[in-house]
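Subject: Structure for you to look at

Hi,

Here is the structure I promised to pass on.

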Amino acid sequence: MLLDPKEIEIDGKTFVISKFPAVAGREIVANYSLSALPKVGDYEVNAQMMHKLMSYVGVPNASEQPLQLCTTALIDNHVGGWETLAKVEMAMMEYNCSFFQ
């Protein structure tokens, strides 16, 4: 279930972004940015945080609840290219972190 879902359009596709739950949000925010820094970061940690972050993103479908992008296959099938993925990730960080706005 997504917290405070919000539909957005990125690169012609509709995504449903949401707020992070408290504990998952703390982990994502603490690890996401730092793990992406060149020569300091750890790609594996960053990839894990991307997967965790994207599990709080959905795409509209026929049911009442959006389809949450909780696997690599779902992300690849619904997001498309890496640039769109980066834009969705940034939208999630902006939506969840007031200091990114």
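The buried residues of helix 1 are covered by, among others, helix 2 and helix 4. "Buried" here is under 20% relative accessible area, with exposed over 50% and partly exposed in between (1.4 Å probe, protein chains only). Helices (H or I, at least four residues) and strands (E, at least two) are DSSP runs, numbered from the N terminus. The buried set in helix 1 is Ala24, Gly25, Ile28, Tyr32 and Ser35. Helix 1 has 15 residues and reaches 22 Å from first C-alpha to last, close to the 21 Å expected at 1.5 Å a residue; that expected span is 1.5 Å times one less than the number of residues.

Before you go further, a note on the source: this is a predicted model, so local features need pLDDT of at least 70 and side-chain atom pairs count only at pLDDT 80 or more, while totals for chains, interfaces and linings use all residues. Residues are numbered from 1 along each chain as its sequence is written, and side-chain values use heavy atoms, with hydrogens and water left out.

Now over to helix 2, where you'll find asparagine 46. Asparagine 46 is buried, at 14% relative accessible area. Leaving out residues up to four places away in sequence, Asn46 touches Tyr32, Ser35 and Ala36 (contact means heavy atoms within 4.5 Å). The Asn46 side chain also reaches the backbone oxygen of tyrosine 32 at 3.1 Å. For polar contacts like that one, the cut-off is a pair of N or O atoms within 3.5 Å; within protein, one must be able to donate a hydrogen and the other to accept it, and residues adjacent in sequence count only if both atoms are side-chain atoms.

Next, the core. The largest nonpolar core has 25 residues, and Phe15, Ile28, Leu53 and Met54 touch the most other members. Two or more residues each come from strand 1 (3-10), strand 2 (13-19), helix 1 (22-36), helix 2 (43-54), helix 3 (72-79) and helix 4 (82-96). Helix 4 gives the most, with 6 residues. A nonpolar core, by the way, is a set of buried Ala, Val, Leu, Ile, Met, Phe, Trp, Tyr and Cys residues joined through side-chain atoms within 4.5 Å. Methionine 54 is in contact with Leu69, Ile75, Val79, Leu85, Val88 and Glu89, leaving aside its neighbours within four places in sequence.

Helix 4 is worth a look by itself. Its 15 residues reach 21 Å from first C-alpha to last, close to the 21 Å expected at 1.5 Å a residue. Thr84, Leu85, Val88, Glu89, Ala91, Met92, Met93, Tyr95 and Asn96 are its buried residues, and they pack against strand 1, strand 2, helix 1, helix 2 and helix 3.

What does the side chain of asparagine 96 reach? It is the backbone oxygen of serine 18, at 3.0 Å. Asn96 is in helix 4 and counts as buried at 19% relative accessibility. Serine 18, in strand 2, is buried with a relative accessible area of 0%, and its own side chain reaches the backbone oxygen of tyrosine 56 at 2.6 Å. The C-alpha atoms of serine 18 and glutamine 68 are separated by 10 Å, though the two are 50 residues apart along the chain.

Also in strand 2 is valine 16, buried at 4% relative accessibility. Beyond four places in sequence, the contacts of valine 16 include Leu2, Pro5, Tyr56 and Pro66.

Last, the rings. There is 1 aromatic pair in the structure: phenylalanine 20 and tyrosine 56, edge-to-face, 6.0 Å centre to centre with 75° between the planes. Phe20 lies in the loop between strand 2 and helix 1 and Tyr56 in the loop between helix 2 and strand 3 (58-59), so the pair ties together parts that are 36 residues apart in sequence. Rings of Phe, Tyr and Trp (its six-membered ring) pair if their centres lie within 6.5 Å; planes under 30 degrees apart count as stacked, over 60 as edge-to-face and the rest as tilted. Both partners are buried, Phe20 at 11% and Tyr56 at 16%.

Cheers
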